[in-house]
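Here's a quick tour of one protein model, starting with a single residue and working out to the spaces inside the fold. Have the viewer open as you read.

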Amino acid sequence: MSGEDVAIIGAGLHPFGRHEGVSGLDMAAIAARVALADAGVGWEDIQFAAGGSDAAGNADTSVSVLGLTGIPFINVKNGCATGGSALTTAHAMIVAGEADLALVVGFDKHPPGAFNALPEEYGN
């Protein structure tokens, strides 16, 4: 399969903004469900998932919100590029023939105020 044979068939987004009482994982689960509905597919059609967050938790723990989907999930963490890196991971899996249909989710939620950068995570 070539890279040209891969397409995004659905998209989902949780409304942007501060949503008190709604966790980042909750927002990711809502976006995932919207994306599946937009694509016209169900969990039984998904063969693989990749996703992550820089500060709002591991994407694979969304099972606590989504339920037991049975889908293998790879967590990705790459700062603000996490969603794009998850998309690249899913693309690579599809091109390699490991899956035909994948779910990708990138999410974050930060408290009000400045980002809480941790320089020790960057090797400084």
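Let's begin with S85, which is buried, as its relative accessible area is 19% (buried means under 20% relative accessible area, exposed over 50% and partly exposed in between, with a 1.4 Å probe and protein chains only). You'll find S85 in helix 3. Leaving aside residues up to four places away in sequence, S85 touches V76 and N78, where a contact means heavy atoms within 4.5 Å.

A word on the source: this is a predicted model, with local features needing pLDDT of at least 70 and side-chain atom pairs counting only at pLDDT 80 or more, while totals for chains, interfaces and linings use all residues. Residues are numbered from 1 along each chain as its sequence is written, and side-chain values use heavy atoms, with hydrogens and water left out.

Zooming out, the protein has 3 helices and 3 strands, and from the N terminus they go α-β-α-β-α-β. These are DSSP runs numbered from the N terminus: helices are H or I with at least four residues, strands are E with at least two. Of the 124 residues in the protein, 27% are buried. Take the contacts between residues at least 6 apart in sequence, and 70% of them join residues at least 24 apart.

Now for the spaces. On a 1 Å grid over the protein atoms alone, a cavity is a set of points where a 1.4 Å probe fits but cannot get out, while a pocket is an open set with protein on both sides within 12 Å along at least five of seven lines; lining residues have an atom within 4 Å of a point. Points are joined across faces, edges and corners, and a volume is the space filled by probe spheres set on them.

| Space | Volume | Lining residues by class |
|---|---|---|
| Largest pocket | about 1,100 Å³ | 27 nonpolar, 8 polar, 5 charged |
| Largest cavity | about 40 Å³ | 8 nonpolar, 1 polar, no charged |

In that table, Ala, Val, Leu, Ile, Met, Phe, Trp, Tyr, Cys and Pro are nonpolar, Asp, Glu, Lys and Arg are charged, and the others, Gly among them, are polar.

Which residues sit closest to the centre of the largest pocket? Out of 40 lining residues, they are G12, A31, V104, V105 and G106. Helix 1 (24–39) provides the largest share of that lining, 7 residues. Helix 1 also gives the most to the lining of the largest cavity, with 3 residues.
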